[in-house]
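Me: I have a model open and would like to learn how to read it. Can we go through it feature by feature?

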Amino acid sequence: MSNVENILANPVRETVVPAPRPKITAEGAGVRFGSVTAVEDFTTTIREREFVSIIGPSGCGKSTMLYAIAGFLKTTSGVLKVDGQPIVKPGPDRGIVFQEFVLFPWRTVLRNITLGPEIAGLPRAEAEERARKWIRLTGLGGFEDAYPATLSGGMKQRVAIARALTCEPDILLLDEPFGALDVQTKNYVMKDLQDLWIAASKTILMVTHSVQEATLMADRVLILGARPSRIVADVKIDLPHPRDPADPRLGQYRQEVTRILSAEVDRSMKTERSR
Ligand SMILES: Nc1ncnc2c1ncn2[C@@H]1O[C@H](COP(=O)(O)OP(=O)(O)OP(=O)(O)O)[C@@H](O)[C@H]1O
Ligand SMILES: [Mg+2]
């Protein structure tokens, strides 16, 4: 059979790649603390393996929304779901790195990281095996027995990330994970996180103040408005990963996000001052 006959006899079937499923769905989700409405309307769908960043003025409810998705606090209006199920409490499917992450100073790197799985009831040997894997993947190999006080800021941050990942969550929730880092260390940890995301295919939701971080890493940037907040823009960063910070197309996205964000920060400042 000639090549042409062969092709005609075996037509290439179109392979249909299924669209990633919705992982987190929010419909009009809101959180009120007494008389303060932190978030008024958070409506979005975050799909499996998406990397979404949330950016917005200080105090607009970014951490609040992340904690609600983690299950640490309840929404007071609307609907918030993971895998189609309403979020009622924290679960092993969601790992979180807090804005002010805490390592236990009396526990070694390894023991800080095994804590989560141990609490979840995993046998110690299995918890250790998982922890060692994430220690390696986050570049902390050799520091298993070190105590937090002997680590640099960037290493502590990586321990916090490894700790969240050791429970092997589908969803990683990050609250300003690079906030405390100097620029050089930040670039390393950011690169680590991008590599991890590509290798481990997690769904990532990252809160940040930095337009540069958001546009460099995320598929979409959700811009929250001034409090009581809602999503004022959902900017798709249509560039392949990993991205080059010097790519001029990235520069255009940075400008667009900065323009929208600056208007919201101005509005937020005016509202705060007139209170
Ligand atoms: N437990 C709480 N009780 C009362 N009010 C709260 C509580 N947590 C947050 N708030 C209020 O909700 C609003 C949003 O806070 P949140 O910490 O979510 O902001 P944020 O966007 O993460 O800010 P930042 O960028 O400064 O971290 C703020 O006005 C804050 O004072
Ligand atoms: Mg916050």
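Me: Is Cys167 buried, partly exposed or exposed?

Reply: Start with the cut-offs: buried means under 20% relative accessible area, exposed means over 50%, and partly exposed lies in between (1.4 Å probe, protein chains only). Cys167 is partly exposed, at 25% relative accessibility. Cys60 is buried, at 1%.

Me: What should I know about the model before going on?

Reply: This is a predicted model: local features need pLDDT of at least 70, side-chain atom pairs count only at pLDDT 80 or more, and totals for chains, interfaces and linings use all residues. Residues are numbered from 1 along each chain as its sequence is written, chains are lettered from A and ligands numbered from 1 in the order in which they are written, and side-chain values use heavy atoms, with hydrogens and water left out.

Me: How many disulfides does a search of the whole structure find?

Reply: A disulfide is a pair of cysteine sulfur atoms within 2.5 Å. The search finds zero.

Me: What is the strand order of the open sheet?

Reply: Strands pair through backbone hydrogen bonds, either parallel or antiparallel. Here, two strands pair if DSSP finds at least two bridges between them. Strands (E, at least two residues) and helices (H or I, at least four) are DSSP runs, numbered from the N terminus. The sheet has 10 strands, in the order β5-β4-β1-β2-β10-β9-β3-β8-β7-β6, with mixed pairing. Its edge strands are β5 and β6, each pairing on one side only.

Me: In which sense do β1 and β4 pair?

Reply: Antiparallel, over five bridges. Look for Thr25, which stands opposite Lys81 in β4.

Me: Which strands does helix α6 lie across?

Reply: Contact means heavy atoms within 4.5 Å. Axes are lines fitted to C-alpha atoms, for helices over the stretch in contact, and angles run from 0 to 180 degrees between N-to-C directions. Helix α6, residues 183-200, lies across β3, β7 and β8, at about 155° to β8. Helix α2, residues 62-70, lies across several strands, including β1, β2 and β7, and runs at about 155° to β7.

Me: Why is α2 largely enclosed by the rest of the structure?

Reply: Eight of its nine residues are buried, so the rest of the structure largely encloses α2. Among them are Lys62, Ser63 and Thr64. Just after α2, Gly71 has a positive phi of about 95°.

Me: Which residues touch the most other members of the largest nonpolar core?

Reply: A nonpolar core is a set of buried Ala, Val, Leu, Ile, Met, Phe, Trp, Tyr and Cys residues joined through side-chain atoms within 4.5 Å. The largest has 48 residues, and Leu193 and Ile223 touch the most other members. Helix α5 gives the most to this core, with seven residues. Apart from it lies another core, of 26 residues, among them Cys60, Ala68 and Leu222.

Me: Where are the cis peptide bonds from Arg227 and from His241?

Reply: Arg227 to Pro228 is cis, with omega near -5°. Pro228 sits in the loop between β9 and β10. His241 to Pro242 is cis, with omega near -10°. Pro242 is in the loop between β10 and α8.
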